Amino acid sequence: MQDQENEILAPAEALVYPPDYIVNEAYINREIYAKMYRDSIENPEGFWHGIAEKELHWFEKWKDTFEWNYPDYKWFVGGKINITYNCLDRHIIAGHFHKCAYIYTNEASTEQRITYGELFDKVCRFSNGLLSLGINPGDRVGIYMPLCIEQIVAILGCARIGAVHSVIYAGFSAKALKLRLDDAKARVLVASTYTKRRGKMVDLKAIADEATEGLECMEHIIIHQREEPMLLDELEIDFDQFIATQSPVCEAIPFDSEHPLFILYTSGTTGKPKGVVHATAGYNLFTHYTTKIVFDLKTDDIFWCTADTGWITGHSYIVYGPLSNGATTLIYEGAPDFPDPASWWAVIEKYRVTKFYTAPTAVRLFMKYGDEWPAKYDLSSLKIIGSVGEPINPEAWHWYDKNIGRNNCAVVDTWWQTETGGHMIVTLPSLPQKPGRAGLPFLGIEAIVVNRQGTPVPPHTVGMLIIKKPWPSAFRTCFGEPERFQKYWNEIEGVYFAGDLATMDEDGYIMILGRSDDVLNVSGHRIGTAEVESALVSHPSVAEAAVIGKPHDIKGQSIKAFVILKQGIEKTEDLKKHINHQVKHELGAIGVPDEIEFVDKLPKTRSGKIMRRVLKAKEMGTEAGDTSTLED
C-alpha cells in the first residue's frame, strides 16, 4: 500500500440515537463507557485483572496479568482454568440445571432443545470417550459437522479434557478437509453423515471418507448418524453409542491459562490456510465479556447468531460467549431464504428472539426480496440487531433498522477477525450510532488509523488500521508456522497490523473500508472497494455489488463492478448509465465504474465476505490462490 495521507473522505452522516429503553437497560451507558475506556487504556492490566476476577471461575489465581516478550505475549500467567467449567458447571451449581442452553431448528421447522444439565451430561460422556481412546491434552481433534447440538457437544467435550479442537466447516471439499486435518495432525475426526441445505441432502460421510483415506495421522472416526444407522468400518465409531457407554462424571481438568483451546483455519490471499491458535483463559474472558456487553445479554434473552460454528463468529458467539454467560441460544441449520425469503423472520417470531446477529450479506439478500417479507411477521421481541462479516453500507444499515428492528432496536455493527477472537470495534448498544461506521474501540482496545510509517493520520483520511497492544483473546500463533504469526506484528513494528483500510472521524468512530489489498488506485486517487460498492448499492435497483481494479494504460487502474440486481429488475444498458450516475452523485466521478457486469452471484466465503481476488483472477485469467473457503 502506498501513502494514504492525501485521500480524504467526506464526514459520515449524523448520529442515530438508540431507543431510551435500550439506554436505560444497558450494562454500560455513554458516561460509564467514556470513563471505563479511559481507565482500560491507561491501565489495561489492571482493567482485565478486575474483569477476570469478577466474571470467571479460576482454579488457581494468576501470578502476572500480562507478559509481553515481543512479539509473543501471555495473559493471566500461571492461572489455572477450564473453559467448560465456566460454560457449564458453574451455571448448574447456581441452580440452572433445567435452563435451556440451546434451541435447534432448521428449514423443515424440526425442533430440538437441550438444557444445561443435559448438555453437561453429554459433554462429560464425550470427554470420557475421548479419554478411552487415549486422547491427551494437546492432541488435535477434527470436527466436520453441521450446526447441530451434537457438534457443540463434541467441541466442549474436547475442551473439557484439553484436546485441541479444529472445527472444519461442513461445506468444505474432501481436499480442503484433508489439508486441514493433515496440517493439524488430528488423531480423531468427528463427522456427521449429512447436512441439509435448501432441502437437499449433502453427503458429509462420503466427503469425510475421501478426506481420511490414507491419512496417516487419523486413528479414529466418530460418526454422528442422523437417521438410520449404517454399517461402519473398523476405524469408525457410532457417536450415540460412543457417549451412551461412558460415565456421565468427568471432572473439569484445570489447565494453564495459555493452554491451546482450538485451531481454526483461515484463508490468506496466497498460500495455504493459516491455522490460527487461540489460548484458553484470554479467549474465555474476552468472548464472555464482549457477548455480555455488546449484546447487553440478560438471563431472559433468546440469543441468535446466524453464523456457523465452522467460523470464528460461531466459536465466539454461538458456543463459548453465550454459554459462559448462561444464555439460551438459538441455532439454525439451513439457508436464510429457504423455503421462502421469510424463513428467518418466522423463526424470530416463533421463538421471540431478543438479540439477533447476522451478516451484511444476508441483510442485502433480504433487501433484494423487498420489504413485504419481514412485514408479515411480528419482530417486536427484538431489542438488539447486530452486523458482522464485512462493512455494512448505510443503505443496508437503514433497511435493517427499519424493516427488522422496526426503528425500535439498537443496531450494533462489529469489526473483528479470526485472529482477534472477539469484537474489537463496535458501537455499544447504548451509544449513538453512525450508519456505515463500525464504531468505537471496545474496552481495552487502542485502535488507531495510521500511515505506513505508523503515524496517525488526520480525521477522515484513509490509512491502515492497527491495534497498539495485545488484548486477552489475541491469537497466540499460526500452528506450525510462527513466522506467519510474526508478520502481523512486524508489518508496522510494535503494533498489530490488521490488514484493513479505515478512516477515523473527529469523534473517534472508525469506518472499515476493506482489505488493504482491496484498494483501487485510479489516476493517483486511492479508493476503497467498500466505498464504491456502497455507492452502487445506494441505487434502488441494486441488491449487492463487488468491484475490482483492472490495469489501465492511462489511469493506472480502471474500475469494474459486478452487480446483483433486485428481483424483477431488467438488465439493460440504460440501467448501467443510471447506476453510474448514482455513483457519481454518491462518490464523485473518480469512483464511477468503467464497466458494469450484471451477475446472479458473487464469490463469498462461508462467513459472508466477498472474495474480490477471485473475481479479479477470473477477469485477468490468473490463478485465484486458495479458494477452499468459497461458499459455492
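1. By class, the lining of the largest cavity comes out as six nonpolar and four polar residues, with no charged ones. Keep in mind that this is a predicted model.

2. Which residues line that largest cavity? They are N82, I83, A159, G162, A163, F255, H259, P260, L261 and T280. The space inside comes to about 40 Å³, and the structure holds one cavity of 30 Å³ or more.

3. On to strand β7, which covers residues 164–167 and includes H165. Are its faces covered or open? Both are covered: V164 and S166 are buried on one side, and H165 and V167 are buried on the other. As a rule, side chains in a regular strand alternate between the two faces of the sheet.

4. H165 deserves a look of its own. Its relative accessibility is 0%, so H165 counts as buried, the cut-off being under 20%. Leaving aside residues up to four places away in sequence, H165 touches V141, I143, I155, C158, L261, F262, I263, H315 and Y320. One of these contacts, L261, also turns up in the lining of the largest cavity.

5. Now for the partner strand. β6 (residues 140–144) runs parallel to β7, and four bridges join the two. Within this pairing, I143 stands opposite V167; I143 is also among the residues that H165 touches.

Technical notes
Residues are numbered from 1 along each chain as its sequence is written. This is a predicted model: local features need pLDDT of at least 70, side-chain atom pairs count only at pLDDT 80 or more; totals for chains, interfaces and linings use all residues. Side-chain values use heavy atoms; hydrogens and water are left out. Buried means under 20% relative accessible area, exposed over 50%, partly exposed in between (1.4 Å probe, protein chains only). Contact means heavy atoms within 4.5 Å. Two strands pair if DSSP finds at least two bridges between them. On a 1 Å grid over the protein atoms alone, a cavity is a set of points where a 1.4 Å probe fits but cannot get out, and a pocket is an open set with protein on both sides within 12 Å along at least five of seven lines; lining residues have an atom within 4 Å of a point. Grid points are joined across faces, edges and corners, and a volume is the space filled by probe spheres set on the points. Ala, Val, Leu, Ile, Met, Phe, Trp, Tyr, Cys and Pro count as nonpolar, Asp, Glu, Lys and Arg as charged, and the others, Gly among them, as polar.
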